[in-house]
Amino acid sequence: MNKNKRLIILKKFEQYYLNPTIKLKYKTYFELLISIILSAKSSDAQVNKVTKKLFLYVHKPSDILDLGYDQLKVIIQSVGLFNKKALAIIKTCRILKNIYNEDIPMNKDKLLLLPGVGRKTANLFLNIVLKKNFIAVDTHVFRVSNRTNFVNGISSYHVENKLYQCVPIKFQSRLHSWFGSHGRYFCRSLSPKCSICIIKIWCEYPYKIIK
Ligand code: SF4
């Protein structure tokens, strides 16, 4: 896709998705980090159901350690990969308690050293907290980027790097939210709504069906 088309699409998103919001419900940065870790391979709605209960009991890393692995697993069992996530959360909370005095480091390299925190989680967390140009590539951003030919990449890491190169800095902090919303409401995984899509004219998906 050429530069002009990308710019038109970004401006369309800017006009249409006026108030970028995150669907995960949280009150503190700790709750936000735990919610994002839980959201891998799970819907935000499902995570919100689980955290509604979890955050009644836990407010800081040591609360999770007090809860323990077995009890944590029971509470989060309705999200995907709950065994793995429970273990990662316990390990991360141990580090947050022992090294960061129950706080969360606001630094990407340090976040990436926490179990369960990959590039998407670190970028999304920092994007929301610092409101800076961190681009988190989740399943929606990956699909919309590749399907529209906005940028192509075989992995989320490739897509992330290309987005940093191709998207003007002033749009980068809002990109995750825009592409996420577009992937949920129009460019869905199965049966995308091409006929009513706001960027159908510029999208380069060869199989788009526009009536
Ligand atoms: S036209 Fe279809 S494939 Fe292209 S972005 Fe819109 S919904 Fe997705």
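Author: Happy to! Let's start with a word we'll need: a residue is buried when its relative accessible area is under 20%, exposed when over 50%, and partly exposed in between. Keep in mind that this is a predicted model.

Reader: Okay, so are F13 and F179 buried or exposed?

Author: F13 and F179 are both buried.

Reader: And how are the rings of F13 and F179 arranged?

Author: Their centres are 5.5 Å apart and the planes sit at 85°, so this pair is edge-to-face. F13 belongs to helix α1 (residues 3-16) and F179 to helix α11, so the pair ties together parts that are 166 residues apart in sequence.

Reader: What about Y29 and F125, what kind of pair do they form?

Author: Y29 and F125 are an edge-to-face aromatic pair, with 6.3 Å from centre to centre and 80° between the planes. Y29 sits in helix α2 and F125 in helix α8, so this pair ties together parts that are 96 residues apart in sequence.

Reader: Is F125 buried or exposed, and why?

Author: F125 is buried, because its relative accessible area is 0%. Y29 has 42% relative accessibility, so Y29 counts as partly exposed.

Reader: How many aromatic pairs are there?

Author: The count comes to 8 aromatic pairs.

Reader: Let's switch to helices. What's going on at T51 in α3?

Author: A kink of about 30° in α3 is centred on T51. Helix α3 covers residues 44-57, which is 14 residues, and it reaches 20 Å from its first C-alpha to its last, close to the 20 Å expected.

Reader: Which residues of α3 are buried?

Author: The buried ones in α3 are D44, V47, N48, V50, T51, L54 and F55. The elements covering them include α2 (29-38), α4 (61-67), α5 (69-76) and α11 (169-185).

Reader: And the buried residues of α10, which are they?

Author: In helix α10 (residues 156-166), V159, E160 and L163 are buried. They cover an arc of only 100° around the axis, so they lie on the same side of α10.

Reader: What covers the buried residues of α10?

Author: The cover includes α7, α8 (119-130), α9 (139-148) and α11.

Reader: You mentioned α7. Where does K108 lie?

Author: K108 lies in helix α7, which runs over residues 108-111.

Reader: Why does K108 count as buried?

Author: Its relative accessibility is 19%, and buried means under 20%, so K108 counts as buried.

Reader: Ah, that cut-off again! What is K108 in contact with?

Author: Leaving aside neighbours within four places in sequence, K108 is in contact with R119, A122, N123, L126, F134, E160 and Y164. With N123 there is also a polar contact of 2.9 Å between the side chains.

Reader: Last topic: backbone angles. What is the phi of L81?

Author: L81 has a positive phi of about 55°, although L81 is not a glycine. You'll find L81 in the loop between α5 and α6 (82-98). At 47% relative accessibility, L81 counts as partly exposed.

Reader: And S191, what is its phi and where is it?

Author: S191 has a positive phi of about 45° and is not a glycine either. Look for S191 in the segment after α11.

Technical notes. Residues numbered from 1 in each chain as written. Predicted model: local features only at pLDDT ≥ 70, side-chain atom pairs only at ≥ 80, totals over all residues. Heavy atoms only, no water. Helix = DSSP H or I, 4+ residues; strand = E, 2+ residues; numbered from the N terminus. Buried < 20%, exposed > 50% of the residue type's maximum accessible area, 1.4 Å probe, protein only. Polar contact = N/O pair within 3.5 Å; in protein donor to acceptor, adjacent residues only side chain to side chain. Contact = heavy atoms within 4.5 Å. Expected span 1.5 Å × (residues − 1). Bend = angle between axes of the 7 residues up to and from the residue. Arc of directions from axis to C-beta. Phe/Tyr/Trp six-rings, centres within 6.5 Å; stacked < 30°, edge-to-face > 60°.
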